[in-house]
Amino acid sequence: MRILLSIFEWTTLQMEQKAKEKNHQLYKHYTNGIIVKVPDSTLKQEIQDLRHSAGCLSLEPRFELADVFFFCRKALENIIDDDVTKRFSAQKLENWNLLTRSNRSFHYMSLKLSALWIMGVLIRYGVLLPFRVTVAITVTNLTLLAMCVDPSKPIIVYDLRLRTYLSDKVHLMGYRLCVRSLTGIITYHNRENKPKKDGICVANHTTPIDGIILANDHCYSLVGQLHGGLLGLIQRAMVKSSPHIWFERAEVKDRRLVAKRLRDHVADKNKHPVLIFPEGTCVNNTSVMMFRKGSFEIGCTIYPAAIKYDPRFGDAFWNSSKFGLVGYLLRMMSSWAVVCSVWYLPPMNSKEGEDAMQFANRVKAAIAAQGGLVDLIWDAGLKRTKVKDSFKEEQQQLYSKILLGDHENHNHLES
């Protein structure tokens, strides 16, 4: 790892020198010094500041033409520096990692750098990829074969505790071999806070292998939608040997059914803790987006876990709209390694008077702070859907309060 990091730094230094010779800037700073965002300011405060700077001395609750410029400025800021869309694209790197030339900053190539890049391609695709694919196929076949043995119909082992013990060992062995097939280098912190069987483990979501990363250190019952193809085959095999919770597509929308199955699972002390990714989709390892409140309505202990990948050795983010699962795994196996850190946070419970959404936001903030991620309020579902009308109406209502003053009994906008 240290040798690779030294090579990455050297290649970047070489390109910096090449760029200086051509009087070009290596890094393109997009919005630094252009857009200054003040997260603690409110809509009312920002409009009042704009009116004051525009020479509107009157701050009475009425419409001012200067207000139009405020909304125009906010629109341009969001177009230039969108907080949501950029969370679903590859994370930008400060150093070139010899994996891609797609970043425009890293195109000042010399003969030495080209030779080094070609050598890296030969190592990754000629040595690492074949070895990793062979290990992955072998592990998958052996694990599926082991998981297909139905524990409800014991053939050899009749003792329930011994059968559960052996099943856990098979799962851990399978997950750890899967991590080896990706050359995973994982550092676990605060293991004394590992989830127990009386609650739910929640974590930020970057890639489908997040579950493997966590299951490499502890046994979990996974929760999710039942898929087709290779992933669906693995899910059906897993549920035969361990009490995972898979939902059909139609069942996912039934919140009562989901909550009941989760509550029943947590109440059974013989089952593993549930592992859930409340964001609902993969985010590019720079931020944590809104947590769905379903898993926080169960009323059990929540065990937060923060996962942070090192992008210098490979981009772990899965852009599902661009790559299929098999294609993504091949990209991961052709990278240098999967390097990440996992932090187990102290267990958290809902406070008195705190609703499920407030509890979810508190857990999300703790995960973001521990993993060095940006805490965003936006729903990750915006990756595939449009902004809800309720978000637009909320901003309209805030502005209407400014126009009408602090009166409580005014008419809200209905459309």
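**Reading contacts, burial and cores**

Colleague: Which residues is Asp-217 in contact with, once its neighbours within four places in sequence are left aside?

Modeller: Contact means that heavy atoms lie within 4.5 Å. By that rule, Asp-217 is in contact with Leu-172, Tyr-188, Arg-191, Lys-194 and Tyr-344. The model is a predicted one, in which local features need pLDDT of at least 70 and side-chain atom pairs count only at pLDDT 80 or more, while totals for chains, interfaces and linings use all residues. Residues are numbered from 1 along each chain as its sequence is written, and side-chain values use heavy atoms, with hydrogens and water left out.

Colleague: Where is Asp-217 placed, and is Asp-217 buried or exposed?

Modeller: Helices (H or I, at least four residues) and strands (E, at least two) are DSSP runs, numbered from the N terminus. Asp-217 belongs to the loop between helix 6 and strand 3. As for burial, a residue is buried under 20% relative accessible area, exposed over 50%, and partly exposed in between (1.4 Å probe, protein chains only). Asp-217 is buried because its relative accessible area is 10%. Its C-alpha atom is separated by 8.3 Å from that of Arg-176, 41 residues apart along the chain.

Colleague: How many helices and strands does the chain have, and what share of its residues is buried?

Modeller: There are 12 helices and 9 strands. Of the 415 residues in the chain, 40% are buried. Among contacts with a separation of 6 or more, 76% join residues 24 or more positions apart.

Colleague: Which residues have the most contacts inside the largest nonpolar core?

Modeller: In soluble globular proteins, nonpolar side chains tend to be buried together. A nonpolar core is a set of buried Ala, Val, Leu, Ile, Met, Phe, Trp, Tyr and Cys residues joined through side-chain atoms within 4.5 Å. Here the largest such core has 41 residues, and Ile-213, Leu-214, Tyr-220, Tyr-309 and Val-342 have the most contacts inside it. The elements that give two or more residues to this core include helix 4 (111-147), helix 5 (160-181), helix 6 (210-215) and strand 8 (338-344). Strand 8 gives the most, with 4 residues. Leaving aside its neighbours within four places in sequence, Ile-213 is in contact with Ile-186, Tyr-188, Tyr-309, Cys-340 and Val-342. Another core lies apart from this one; it has 27 residues, among them Val-202, Ala-259, Ile-276 and Met-348.

Colleague: Which residues of helix 10 are buried?

Modeller: In helix 10 (residues 325-333), they are Tyr-328, Met-332 and Met-333. These residues are on the same side of helix 10, because they cover an arc of only 135° around the axis; the arc is that of the directions from the helix axis to the C-beta atoms.

Colleague: Where is Ser-221 placed, and is Ser-221 buried or exposed?

Modeller: Ser-221 is in strand 3 (residues 221-225). Ser-221 counts as buried because its relative accessibility is 0%. Residues up to four places away in sequence not being counted, Ser-221 touches Pro-243, His-244, His-265, His-272, Pro-273, Val-274 and Leu-275. Between Ser-221 and Pro-273, 52 residues apart in sequence, the C-alpha to C-alpha distance is 6.0 Å.

Colleague: Is Tyr-125 likewise to be described as buried, partly exposed or exposed?

Modeller: Tyr-125, found in helix 4, is partly exposed, with a relative accessible area of 44%. With residues up to four places away in sequence not counted, Tyr-125 touches Pro-130 and Ser-334. The C-alpha atoms of Tyr-125 and Ser-334 are separated by 6.1 Å, although these residues are 209 residues apart along the chain.
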